[in-house]
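Look at the sequence and the fold together before reading on.

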Amino acid sequence: PGSNLATTASPLRRGLHRVASARQSTQSVVSVLEDVGFDLHRGVETRSVVPVEQVLGVVGGNAEASRSYVPTRGRHLDRLFSALDRPPGLGFVDIGGGKGLVWLKASDRSFARIIGIEFGENLIRIAQQNVDADQARRGSRLGIELVHADASAWPLPDDINVLYLYN
């Protein structure tokens, strides 16, 4: 009897694993489509990966510790921001913000101040273009401060209450 149960359980486990994998794959596809839609709607480009060897103009002494720019999934950010139990008016910093996706998403929330720190000069330029394009689309100033700096040497302002890091 034990071997029959084991024989039956193995295909069942494989079947459940396949269902879970298919569900995860479907969610990943939906997530990517949502992210592409965000970029198209906002007139920005935050989705493409930038390999570490293409991150140029790095400031500070941490270039050897840098990684490729890989954007956070928008649905993860939305869940994170929704889960934050915070009063309006807090300050927000994203360290290693790349092309500015997190900053743009944060600008949809009630943060009093948003600062994006990036040590790659080419990435901070792309982020500034994205912020400018989004501002033009909205017809209003977003209030995002972009800082080209090594975050380990950058003094964190006293009015910052939320710190975000990814990758």
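The sections that follow describe a predicted model.

## The chain as a whole

The chain has 4 helices and 4 strands. Read along the sequence, these elements follow the pattern α-α-β-α-β-α-β-β.

Of the 167 residues, 35% count as buried. The accessible surface of the chain is about 9600 Å², and carbon and sulfur atoms account for 56% of that area. Among contacts between residues at least 6 apart in sequence, 70% join residues at least 24 apart.

## An aromatic cluster

The structure holds 3 aromatic pairs. In one of them, the ring centres of F81 and F92 are 5.7 Å apart and the ring planes stand at 65°. That pair counts as edge-to-face because the angle of 65° is over the cut-off of 60 degrees. The pair links distant parts of the chain, with F81 in helix α2 (residues 74–83) and F92 in strand β1 (residues 91–95), 11 residues apart.

F81 also forms an edge-to-face pair with F111, at 5.8 Å centre to centre and 65° between the planes. Here the partners are 30 residues apart: F81 belongs to helix α2, while F111 sits in the loop between α3 (101–106) and β2 (113–118). Together, F81, F92 and F111 form one aromatic cluster.

For F81 the relative accessible area is 2%. F111 has a relative accessibility of 10%, and it counts as buried because this value is under the 20% cut-off.

## V162 in strand β4

V162 lies in strand β4, which covers residues 160–165. With a relative accessible area of 14%, V162 is buried.

Which residues does V162 touch, not counting those up to four places away in sequence? They are L84, L90, G91, F92, V93 and F111. Two of these, F92 and F111, are also members of the aromatic cluster. V93 is 69 residues from V162 along the chain, yet the C-alpha atoms of the two are separated by 6.3 Å.

## Q135 in helix α4

Q135 is part of helix α4, which runs over residues 121–138. Its relative accessible area is 17%; Q135 is therefore buried, since this value is under 20%.

Leaving aside neighbours within four places in sequence, Q135 is in contact with S140, R141, L142 and G143.

Conventions:
Residues numbered from 1 in each chain as written. Predicted model: local features only at pLDDT ≥ 70, side-chain atom pairs only at ≥ 80, totals over all residues. Heavy atoms only, no water. Helix = DSSP H or I, 4+ residues; strand = E, 2+ residues; numbered from the N terminus. Buried < 20%, exposed > 50% of the residue type's maximum accessible area, 1.4 Å probe, protein only. Contact = heavy atoms within 4.5 Å. Areas by Shrake-Rupley, 256 points an atom, 1.4 Å probe, with all protein chains shown as cover. Phe/Tyr/Trp six-rings, centres within 6.5 Å; stacked < 30°, edge-to-face > 60°.
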